[in-house]
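Hi,

Here is the structure I promised to pass on. Have a look at it first, and then read on for what I found.

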Amino acid sequence: MDMIVTLLMIFLLVTAFFMVFTKQTANAVIAFPIFGSILVVLFVIFQAPSVAMAEAVITAGLATGFFVITFNKTKDSRKE
Amino acid sequence: MITPGLFYLIGALLLLLPIREKMTYILAILMTTAALMMTFYLVPGDRVQLEFLNYTLTPVKVDRISKLTGLIFTFGGLGSVIYCFRICSRANLRLIFIFIGSALTVAFSGDLFTLYVFWELMTISSSFLIIMASDGTKKTGYYYFLIQVAGGLSALWGVFLQYAATGDLALKTIEAGIPFFMIAVAIKLAFVGFHTWLPLAYGKAPFYVAVVLSIYTTKVGVYVMSRLLPGIDILAYAGLFSALFGIGMALLQTQVRRFLSYSIIIQVGYMIIGISMGTVAGITGAMFHLVNHILYKTVLFMAVGVVVYTTGKDDFENLGIMGRKLPVTSIATLVAFLGIAGVPFFNGYMSKAIIKDAVNEPLLTWGLNLMSFGTCLLFLKFIYYAFLKKSTISLDKQPALSMQVGMGLLTVMMLVIGIHPVWLESVTNMDVAIHYFDKKHLVSGIQPFLWSIAIFILIKKYVVKNYEAPLPYDLYRQIAKQVVTTGYQLSNYHDGKLTKYLLWTTSTLIILLALLLF
Amino acid sequence: MQAAIWLIILPLLTAFFIGISKVFYSYKLLFPLVTGSAILYLYLLISVIDHSYPPKVYSVGDWGLLGINIMVDPFSGLLLLMIALLFLPVIVFSLKYITFHTHNYFILTYIMTAGIAGMVLTADLFNLYVFLEVSSLSSCALVALKKTNKAIEGTFKYLVMSTLGSFFILLATILTYDLTGTLNMAEISVAFQDIPFQIKSILMAFFIFGYAIKIGLIPLHAWLPDSYEESPIPYNVLSSGLVMKSAVYALIRVLYILFGFDFLDETGMLQIGVVWGVVTFLIAHLLAFQQSNVIRLLAYSSIAQIAYITIGLFVGTERGLIGGNFHILNHAIMKGTLFFVIAIFHYSLTAVDIKDLKGLGFRFPLLSFTFVVASLAIVGLPPFNGFISKWLIVEAALDAGFIYAAFSILVGTFLSLTYYLKVIVTLYTKTDKTIEMKEPGLALKLPTIFLGSLCIVFGIAPSLPLSLIDKIPTFLLDHEEYISILLGG
Amino acid sequence: MVKKLYKLGLVVSLGMFLFVLFSDIHNLDRTSKNYLSEHYISEGVQETGAINLVTSVLYDYRAFDTLGEATVLLTAATILAFLVPVTKADMLGTTFTIIVYQATKYLIPFIAVLGVYVIMFGHLSPGGGFVGGVVMALIPILLSLTYGIDFSEYKLTPNTKKVVEDIGAIGFILLGLLAVLTGNNFLANGQAGFPLGNAGELISAGLIPYLNVMIGIKVGAGLAIIFNSLMKEQ
Amino acid sequence: MELPFVVVTILFCLGIYTIITQKNLIKIVLGFTIVESSLILIFVLVSYQPGGTAPILDKAYHLVVDPIPQALALTSIVIGGSVTAVMLALVIKIQKRYRTLNVDKLRKLKG
């Protein structure tokens, strides 16, 4: 049981650091749902199903949608 | 038993009503005379207690000195209101009424809280009088308001220290926070280091404002000094130095109202010396000098006001009109000149004699003589320009009757005090055990006058020459510039960068955590 | 004591009904709905303030200590009094003043008021965080109402800073729950007795940091002038009058009830708070002098006045609390009048810079007189209410031994006079250009004159509000009294 | 470069403080103080009738928080509604193959069923008002993504969404006020005599399912407004 | 039980670091979501007791996880979600008006 938790935690950290320190924001926006879904899995392991569902739907689901829309709408100032 | 100041304040409120022009004159005169009668019937010793903010305040406390000041304030108020209520606009009249009302309430206040509140109210109304006058006086009004509030705040700090030390707010000689009260009084008295606002304010403000202000601003400072800081010896020497400084500066002035404001500083020097003797005689002498000074200084300001009103400018050359065209004003100016010069049988002599009598150190007596010699010299210059020098200034318009009536009132009172000084003592039953007209006083009164006439004839061309006034190096403007530049640098840090703001926030968080943990 | 819960529900219901009326009847229904609920709200506020003296507890959902409790005590009574004084004038004012997005403006104002009422009444830590979030998000929305470039930028900065603050408050709330197992303030402070010193001081630091951002003490104040500059001015009245004050209220509630006065003394937080306040208002006054835009000037002056309040409240003696609370009330009234007058000038001739105000003194004599009265009051000159509360704060600071704080408050009074006088002088300089202006209607003038007259009334007769304020320290300084009522309730 | 190091230093020291705090809390000897959660666990089902304790806390013990939180969502929806100009602007504007259009057409009823299930069974299984509402919001979002905003706007006009959202919020408060009518405090469920039914069945736990439905409607409409206005943002 | 709290601290500090240092607006909002997720992770860690079961009492249980922080976590997720939505809408508006995503170019409000 602990093995999975440590693995997921490390994976979580790796995704977070990748999201923050990549050059293009495209990679960051793509890495965001991965970050969200790892969190969902973690919450399920920690016996919090309703929090996991809410997290899955709102943060991993809708927030990613918002990020994608923002990223799409701010095309023409992405080079600098 | 209400303070006469209340009459003036109610008068100010009544003036808010939209009544016709005629009614305002009647109302003004009614209010002022009622206040005069009220002070006349005040019995020393009665007081009014009031609960406010869990302190017991005594807004009204009458004793001999405050009755004397109250009398002269109301009498001066009557004269000045009659002098200027036809000239000034209704808003200014309201402000004048608030100003005089709060000055009177300060005179009769029994505790430090009311004293401070109405001291600030005086500052507010007087500075708005200056600000609202015209576009030219905006900067002076701004400068005047700031310096006066600075004085008020140091008085407030003194009040706090006094309350912390003694636990009650009653008005008695101060134990704690003496330096702060000194600064406050010095600013109000236009002491030598803090005098920059006096010539500026009286020079630029319209003439009727200068008349009203000259009666009350510095005199309230003298009254408060006599109440709170009597008997501090070194102040006597400081007063002497400030008077001599006043003489020097007055000589250099070209504008008559600045000349008169510097002469106020000289006369205030007399009162400071009187008060800081600490003896009863000294204080009564100073108070009497206050009364006389109000009388002749206001008459001089009124005379200059008439000159400005009739010829539009108040340079020394314009004074020439007084001799030929304005009979009433010239008589009043002559009486006032003889009063200020301390010539016997005129009102100045009486109070100067008391002060000379009260002073015991040799240096101070020598100083007093020098001061009266200086004032006589200065005012000889004034009289020379007014009467002896021929001038070709024409008369634009006749002075209003009300101006002359106000001046006449005060001149009559001067003559009465000059001829019969004992009458003044009996009114406020403050008996001073000196008989005025014995040989010693007569000689000490007349001697500086004669000397000044002789010297004046000798060095006429130095005194009469028009020096251009030296560029006043103003310490306060330098300090203000420093403060503004620091403010400017600070505001440059806010250049809108969000990352900079967030950096500030996180550093405060870390500092806060560190402070709390270690 | 049903009225207490209605104070929070009524504004929410009105906001939602306005939302619906926007779609169907659009303009016909707005006016009666808004004014009707504002008057009803005023009536409710008065009835709750009346019996706020023996503090009452109202548990939401009849759950006693298991659920959320609402408590009305003199301190929240004071805040409710301020809501009562400011809310109706603002509504009456903005009915005439707001011409763009009127429906959204009223929806958001009502939600913000509900948030503030919720923060003031609740006795539950997480509920305090939720209502804090409600009021700051809706005030962010109100800042962005004009959708100009500056408004958008101001909103973004405001939202970033206030969310950062909220994160730290949320972090502290979670850890308090983890330590004590409950969220009811009374039980938490009982359980806090045996928590080690180090943990409690870190939690206190997070709480103080979170609320300090919302209050705007110096290094954390940068968002405040930006968010005031382009927002609708009646909102500024509510924001500087209520939003900042509810943050101060929440900070004092958390510090004095949860951590208790002696813990504050022990960690030396009182000294830090006073020093922080002194630094804040000195710098804020210096910055305010530099401003050319009147609204930014008033924003910086708000920061300085809130610093006076923090000094009053952090001095820790009973008189200090009374002075601080009285200054909370006074500042809301004075700043409200100033913003109303500027709003009228802005409404008539879009004048916002100081030099645009030239010559208005003669065109609007009564309004400029109110402006002068309010600015002299806020500077702290005697005949007005600002002086009384400053007197109490300085005296309390002196008694408690903070000599430097008391002296610097007087220096601050002098500095604040410099820039307020600058505005007054420009107001009364004559200018030749004719000012074309729309004469402001009664709906605009009445609230201004009402608040202006309050400045004078509270100055001359301070015993009116002080009778309510004197009862506050008993429930703050020794929090046992507050806890016994909350637990007993 | 110095600035970056300074910022790093700040964050690292913040991390140190947090770590000290967490380790202190961790090895603080935990005398089992949280009687509140013991009470919820032991009597929760009897008092509120809901199996899912999180929903019972959310919709009964601390229903006031949910009201506050629903207002936050409504404020966010209002902000986004008025930030968006009136002009229409379709986002992707890409035309998909026929498979996508047909798939969405057939998918929508299943999403609707899932959403209703999650809302209605809120007090029995994990999920509830919020999660079900978001699932319901997926339908208009899916439509505007595939068929474009004008079609989804045509189907569900912004005004109806606004009205539905407000009705949801008002419904929540009115349900709370039901208890006040019977003389109890606001949002009282068990105490106000609402039939709790026996736990585990669909129609049980008094007010909670209806509160769930109201929140579901509100969150669904709110997030639909948010998503569409973000797409129309210009 | 030490690792999760360490991870939470790292995530929290990483989020704060991104908010402070990043120039790109979207990255800043990303930082906010990271901080918010770490807070929710703390909620769940506080509620978790080793060996406890989920707070759905449909079957026999001997130790149940603490339901209150989970309820609060749910509320915080929704609040965090709506605040992120508002921030992103503002980011789009800023990009349209200022033609840039760089935070340092937002300099209209000064002094």
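Let me start with chain C: 70% of its 489 residues count as buried. Bear in mind throughout that this is a predicted model, not an experimental one.

Chain C is built from 22 helices and two strands. Its C-alpha trace spans about 70 × 60 × 40 Å along the principal axes. As for the contacts within chain C at a separation of 6 or more, 81% are between residues 24 or more positions apart.

Within chain D, take the contacts between residues at least 6 apart in sequence: 74% of them join residues at least 24 apart.

Now for how the chains meet. Which chains share the most contacts? Among the eight pairs of chains in contact, that is C and D. Chain C puts 47 residues into this contact and chain D puts in 40. On the chain C side, at least two residues each come from helix 1 (3–23), strand 1 (56–59), helix 4, helix 5, helix 6 (149–180) and helix 8 (197–215). Helix 5 of chain C gives the largest share of that side, with nine residues. Sorted by class, the side of chain C that touches chain D has 29 nonpolar, 14 polar and four charged residues.

Chain D also touches chain A: 12 residues of chain A are in contact with 15 residues of chain D. The chain A side of that contact comprises eight nonpolar, three polar and one charged residues. Chain A does not touch chain B, and the nearest C-alpha atoms of the two are 16 Å apart. There is no contact between chain A and chain C either, with their closest C-alpha atoms 15 Å apart.

Is Ala123(C) buried or exposed? It counts as buried, because 27 C-beta neighbours lie inside 10 Å and the cut-off for buried is 20 or more. Leaving aside residues up to four places away in sequence, Ala123(C) touches Asn69(C), Ile70(C), Met71(C), Asn184(C), Met185(C) and Leu486(C). Ser52(C), 71 residues from Ala123(C) along the chain, has its C-alpha atom 15 Å from that of Ala123(C).

Last, chain B. It is divided into domain 1 (1–229), domain 2 (245–472) and domain 3 (477–517). The centres of domain 2 and domain 3 of chain B, taken over C-alpha atoms, are 55 Å apart.

Cheers

Notes
Residues numbered from 1 in each chain as written. Chains lettered and ligands numbered in written order. Predicted model: local features only at pLDDT ≥ 70, side-chain atom pairs only at ≥ 80, totals over all residues. Contact = placed C-beta atoms within 7 Å. Nonpolar A, V, L, I, M, F, W, Y, C, P; charged D, E, K, R; others polar. Buried ≥ 20, exposed ≤ 12 C-beta atoms within 10 Å, placed from the backbone. Domains from an automatic or database assignment. Helix = DSSP H or I, 4+ residues; strand = E, 2+ residues; numbered from the N terminus.
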